[in-house]
Amino acid sequence: MAILPILKYPDPRLRNKAKEVQTVNKKTQSLIDDMFETMIDAKGIGLAATQVDVHKRVIVMDLSEDRSDPRIFINPSIEVLDETTQPYDEGCLSIPGVYETVERPNHVMITATDRNGDIFNEEATGLLAVCIQHEIDHLEGILFIDYLSKLKKSIIIKKLSKLKSNTAIL
């Protein structure tokens, strides 16, 4: 297993659309293992393959505090079961240090393939529903800051630019 580099905003590769995984094989499973190691090392709860510059429809997540509930979603899709939205403070490993409130549907049905190549359905609410939507957005080249007002987004971009230029000086 290996810790993979996580792409940081504004890297244009974060805007690439991921392609479907045609066959779940050893290469896919190795990617999944590396993604879990990377996500845990970065103290994240979810990671899309796009964030590690692999443009395949693969997501890993673990929402448990003790890292005892690893979840894998290959070629995921969602169906909104209830249009009611819930505000959540979202952050992103590709946009470190930024947290903003985003409204997303709170009740969805997930269809995906697991590590063994088996298709499954899972009803999701709360954090799981929000997290899967956030990660699927990554697979579509969408970032959570895209849901913010132009003003908030411009403030974040300026903040990130300033942090990047300060880091370059060090």
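I started with burial: 43% of the 170 residues of the protein count as buried. I am working from a predicted model. The protein exposes about 9,300 Å², and carbon and sulfur atoms supply 53% of that area.

Next I checked overall dimensions. Along the principal axes, the C-alpha atoms fill a box of roughly 50 × 40 × 30 Å.

I then listed the secondary structure. I found three helices and five strands. Their order from the N terminus is α-β-β-β-β-β-α-α. I also looked at contacts with a separation of 6 or more: 65% of them join residues 24 or more positions apart.

I turned to E90, which lies in strand 3 (residues 71–92). Is E90 buried or exposed? I noted 4% relative accessibility; the cut-off for buried is under 20%, so E90 counts as buried.

What do the side chains of R104 and H134 do at E90? R104 makes a polar contact of 2.6 Å with the E90 side chain. H134 makes one of 2.7 Å. Leaving aside neighbours within four places in sequence, E90 also touches other residues, including V98, Y99, V130 and F144.

Last, I looked at the hairpin. Strand 4 (residues 95–113) and strand 5 (residues 119–125) pair in the antiparallel sense over seven bridges. A112 stands opposite F120 in strand 5. Five residues lie between the two strands of this hairpin, where G117 takes a positive phi near 90 degrees.

Terms used: Residues are numbered from 1 along each chain as its sequence is written. This is a predicted model: local features need pLDDT of at least 70, side-chain atom pairs count only at pLDDT 80 or more; totals for chains, interfaces and linings use all residues. Side-chain values use heavy atoms; hydrogens and water are left out. Helices (H or I, at least four residues) and strands (E, at least two) are DSSP runs, numbered from the N terminus. Buried means under 20% relative accessible area, exposed over 50%, partly exposed in between (1.4 Å probe, protein chains only). A polar contact is a pair of N or O atoms within 3.5 Å; within protein, one must be able to donate a hydrogen and the other to accept it, and residues adjacent in sequence count only if both atoms are side-chain atoms. Contact means heavy atoms within 4.5 Å. Two strands pair if DSSP finds at least two bridges between them. Accessible areas come from the Shrake-Rupley method with a 1.4 Å probe; for residues, only the protein chains shown count as cover.
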